Amino acid sequence: MSSVVAEPLIGATPNSFAYKTIKERWPKIVTKVIDELHRSYHPAVNTHGQEYGDDINSIIAKISETRYRMETNKPLLDFEGKTEDEKQWNIHLNEMLEMAGEANFTWYNLPWLFVECYLYAKLHEFCTSTKHMKDYDLFKVEKTKAFFDSKAQIQALSVELIDWEKDRNVDEKMVLTRLLQIDLWGNKCDLSLSCGDAHEQIHDMFQKLDQFAPMILVNDIEIAVEHIMTKCKGKDFHIVLDNAGLELFTDFALAEFIIDRKLAKNVIFHGKDYPWFVSDVTEGDYKWVLNSLENDEKEQVKILGKRWKNRPEFIFKHEPFWTTGYSFWDIKDKNEKLFNELKSAGLVLLKGDLCYRKLVGDRSWPIQTPFKFALQTCTIPVFVLRTLKAETVAGLSENAVKTVREKYGADDLTWMVTSDYAVAQLNIP
Ligand SMILES: O=P(O)(O)OC[C@H]1O[C@](O)(CO)[C@@H](O)[C@@H]1O
């Protein structure tokens, strides 16, 4: 088995998903943002005045230039360096320049993970450098729509949660298993893979969990349930959040059960400092979702929204580390305090594809590489729930490889990027 650290995925690899992403998906994502900004121009000027309109124009111009630079594979540009975050980004850019050399310091030739994070950090910089739009969320419209599109599932799950709560003799293992499965498939709902388009939601997804089970290529849910029930008491349970909307609701649902049954002391939710990968949870989204739940017309949703808003055991944090371009191999080096906090956790639940990419360094691992090896220096107790949306995965068994190879053959990697397959992988160091 491999003892060599695999190479990072890069956009320059012909026919790769990274290539397709830079060539088609990112231009589509940023064009949508530009369209939305154009649409908001006149209403914004009418309400807030011309200076606001000038800000919108400045953001549009900078995004258009960025789109041109990515499409023509130009070198990455420094940040203005006005904020601490931007200074750190400039340091990382320099490290990358040294590592890759000038000729390869471009959109397609640098590691895909780094460049993708850079893109979202740049979009944020374009907002912070304006006078009136420093906190503007370029993806709010899409996130709001996605949340309302999921209402039926949220209402149905709320009814289930309240029923479980009333039944103090309910089989806790069964409920936890179900909640983890729901939380896993909730990860199908990100707006980055769909380039911001509304989802073709599988509306009865949570009623079909048994049907979905064979699509979980590595399934450590049972061991994770055992771990949560026996090893987390009196400790904090961390969730590194992914997408706002339905997925965030499924995170809350899991957290509620954990706290209600006193399986952990607190649930620490880690969100992003600013809008990230289209639909990642910011503090604004976290609060907005809770308010929307509290104001829902369905009684059970209202009860939960109100309770979660005031739950002292639900703690929201946003560390700058999550919006850097570093992989989780660098947590200890870049933020030792965060590393120690996670290291002493009962469990750190990592949500989604981006978390997974960062966990395994976004490398082209042979797919049977032992999971532990792919984590390298990331020695925190992790459980990752991820639907596959990028061509990196480790820890697949002989059987799992057979399943996908029988259907797709050895060369077709489509199964890695559709979010139809999933992994639920645990590593307790
Ligand atoms: O929301 P998730 O699950 O982290 O997915 C985001 C992922 O989707 C993609 O847009 C698909 O590749 C990636 O860029 C990113 O890793």
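Predicted model: local features only at pLDDT ≥ 70, side-chain atom pairs only at ≥ 80, totals over all residues.
Side chains of opposite charge can pair when their charged atoms come close. The cut-off here is 4 Å between a side-chain nitrogen of Lys or Arg and a carboxyl oxygen of Asp or Glu. By this rule there are 32 salt bridges. As for where the pair sits, Glu 95 belongs to helix H3, residues 84–100, and Lys 334 to helix H13, residues 331–334, so the bridge ties together parts that are 239 residues apart in sequence.

Next, the domains. The domain assignment of the protein chain gives domain 1 as 17–138 and domain 2 as 144–427. Their C-alpha centres are 27 Å apart. To the contact between them, domain 1 gives 19 residues and domain 2 gives 25 residues. How much area is buried between domain 1 and domain 2? The figure is about 2000 Å², and carbon and sulfur atoms give 59% of that. On the domain 1 side, Phe 17, Leu 113 and Tyr 120 lose the most area to domain 2, together 31% of what that side buries. The count of salt bridges between domain 1 and domain 2 is two.

Now for some helix packing. Helix H5 covers residues 140–149, and helix H6 covers residues 151–166. The two pack at an angle of about 50°, and their axes are 5 Å apart. That angle makes H5 oblique to H6. Phe 147, Phe 148 and Asp 149 on the H5 side meet Lys 151, Gln 153 and Ile 154 on the H6 side. Sorted by class, this contact has three nonpolar, one polar and two charged residues.

H6 also packs with helix H12, residues 299–310, at an angle of about 75° and with the axes 8 Å apart. H6 and H12 are therefore roughly perpendicular to each other. Which residues make this contact? From H6 they are Ile 154, Gln 155, Ser 158, Val 159, Leu 161, Ile 162 and Glu 165. From H12 they are Gln 300, Val 301, Ile 303, Leu 304, Arg 307 and Trp 308. By class, that gives eight nonpolar, three polar and two charged residues. Ile 154 of H6 takes part in the contact with H5 and also in the contact with H12.

What does Glu 341 contact, leaving aside its neighbours within four places in sequence? The list is His 238, Ile 268, His 270 and Lys 317. Between Glu 341 and Ile 428 there are 87 residues of separation in sequence and 15 Å in space, taken from C-alpha to C-alpha.

Key
Residues numbered from 1 in each chain as written. Heavy atoms only, no water. Axes fitted to C-alpha atoms, helices over the stretch in contact; angles between N-to-C directions. Helix = DSSP H or I, 4+ residues; strand = E, 2+ residues; numbered from the N terminus. Parallel < 35°, antiparallel > 145°, perpendicular 65-115°, else oblique. Contact = heavy atoms within 4.5 Å. Nonpolar A, V, L, I, M, F, W, Y, C, P; charged D, E, K, R; others polar. Domains from an automatic or database assignment. Buried area = accessible area lost by both parts, 1.4 Å probe.
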